[in-house]
Structure formats: C-alpha cells, structure tokens
Amino acid sequence: MYLNQLKKKAAWAALNYIVPGTVIGIGTGSTVSYFIEALSTIQNSFSGVVSSSNASTRLLKEKGINNILNLNIFSSLEIYIDSADEINTNMQMIKGGGGALTKEKIIAGMSKKFICIIDETKKVNVLGKFPLPIEIIPISISFISKEIIKIGGIPKVRKNVITDNGNIILDVYNLNIDDPISIEKKINLLPGVVTVGLFALRGADIVLIGKKKGVEIIEK
Ligand code: 5RP
C-alpha cells in the first residue's frame with residue numbers, strides 16, 4: 001500500500017540520527033516496525049534499545065535485536081524514535097492509536113531528542129480529528145467519561161483492549177483541541193487517568209515526513 005511506502009521512507013531516514021554507541025528509545029506501531037527493520041541492519045552502531053510496548057519488544061526480538069534494556073536503568077536517553085496519529089505545526093501530537101501511550105510518554109519525556117517519523121497524512125492544522133486516547137484505571141470509566149463529556153468530548157471505551165499495564169483505553173471523539181497544552185493538563189489532573197495521548201508539553205524535536213518525492217525534515 002502506498003502509505004506504507006511513505007512510512008518506510010521516514011523510518012529509514014531516522015537511521016541518520018542515531019548517535020553511535022548509545023541506547024535508542026523505540027516507539028510502537030506500523031511506522032516503527034519499519035524503523036525496527038532498518039535498525040536491524042546496523043546492529044553494531046548502537047549499544048541497546050528500550051522498548052515502549054510488548055508488541056515492539058516482540059518485533060525487536062524477531063529482527064534479532066536482543067539487547068533490550070530495562071527502562072529503569074536509565075534516567076535519560078539520547079534519542080527516541082516513534083510515530084504519531086496526528087501532528088500539528090507546533091510538533092504537538094496525538095499518540096496512542098496502538099495503545100502504548102504510557103510507556104511512550106515516559107520514554108519521550110526522558111529523551112534528549114524525540115524524532116517523529118510519519119507519512120504525510122498525519123500532518124494537521126488542529127489536532128482532534130483522530131480520537132484522543134486516554135489510558136485509564138478500569139474503575140474510573142464512569143467518572144472520567146462524565147468529565148470528558150463536560151469539556152465537549154464523546155468518550156468510547158476501546159473494545160477488547162487491555163494495555164500492557166493492565167488498564168483500558170478511552171477514545172475521545174469530537175474534542176476541540178485548539179489549546180493542546182491546557183487540554184493535556186486538564187485531562188492529566190482527572191483521578192483515574194494514567195496517561196492522556198496528547199503530547200503537547202513534550203512534543204517532537206524533529207519530524208521526518210515520508211512523501212512521494214522523498215523525506216521532508218522539520219526541525220525545531
Ligand atoms: C502507538 C502510537 C503510534 O505512534 C501511532 O498510533 C501511529 O501508528 P502507525 O505508525 O501504525 O500509524 O502512538 O501507541
């Protein structure tokens with residue numbers, strides 16, 4: 001499929017940003033699966049990886065990348081490579097389409113550089129067409145749903161999904177995200193929320209956009 005070719009282009013371009021000998025943070029999703037494939041071809045150039053999900057860990061192992069390190073060994077990393085569901089011109093993102101938002105946000109927060117790899121359809125002017133994922137503790141569904149409705153969103157529990165952390169995902173439709181930082185802060189404060197998939201306080205530093213004619217690079 002055409003979009004997959006664009007994802008692949010962006011993913012392979014991320015190899016240029018690897019600092020030799022360092023540990024790389026690995027995101028989750030179909031774009032990242034191309035990055036993992038690319039990474040497996042330069043195994044001597046990095047010392048290990050930390051993974052943001054069980055799915056990525058499985059894929060890393062399948063591709064022969066076995067030096068998968070525990071996140072708690074580190075307090076900072078050089079780079080984190082991940083994709084997004086939507087990204088705006090301020091490099092703020094909606095993430096969590098794959099349900100791995102909590103570990104993704106932890107790794108993004110501890111990384112000096114967040115390199116976001118996307119196909120060109122992920123670029124938007126205003127975030128929110130893609131439903132905003134929130135990882136929540138199961139007993140908080142009713143309370144958080146009520147609070148989300150109050151701010152104009154329509155919450156729906158993601159069917160048949162339990163996160164790697166044993167929680168559930170609420171996907172929020174119809175939310176007007178014209179001020180991503182204030183919405184991120186507001187949702188973060190609700191008791192029962194583990195992580196909101198708005199990456200506005202910590203956005204991306206570099207965006208690699210796979211396009212028909214090549215890869216566009218946007219830097220802060
Ligand atoms: C997973 C994510 C992904 O980065 C996001 O869903 C994009 O995925 P894909 O590369 O498959 O389009 O946040 O939790």
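The shell around the ligand holds two nonpolar, nine polar and six charged residues. Here Ala, Val, Leu, Ile, Met, Phe, Trp, Tyr, Cys and Pro count as nonpolar, Asp, Glu, Lys and Arg as charged, and the others, Gly among them, as polar. The model is predicted: local features need pLDDT of at least 70, side-chain atom pairs count only at pLDDT 80 or more, and totals for chains, interfaces and linings use all residues. Residues are numbered from 1 along each chain as its sequence is written, and side-chain values use heavy atoms, with hydrogens and water left out.

In total, 17 residues surround the ligand (a heavy atom within 4 Å). The closest are Ser30, Thr31, Asp85, Gly96 and Lys122.

Now the polar contacts (pairs of N or O atoms within 3.5 Å). Lys95 places a polar side-chain atom 2.9 Å from a ligand oxygen. The backbone also takes part: an N or O atom of Gly98 lies 3.2 Å from an oxygen of the ligand, and a polar backbone atom of Thr28 is 3.3 Å from a ligand oxygen. The ligand alone exposes 380 Å², and the protein buries 91% of that (Shrake-Rupley method, 1.4 Å probe).

Next, the domains, whose bounds come from an automatic or database assignment. Domain 1 covers 2–124 + 201–219, and domain 2 covers 132–197. Their C-alpha centres lie 24 Å apart. Across the boundary, 15 residues of domain 1 contact 18 residues of domain 2 (heavy atoms within 4.5 Å).

Terms used:
Polar contact = N/O pair within 3.5 Å; in protein donor to acceptor, adjacent residues only side chain to side chain.
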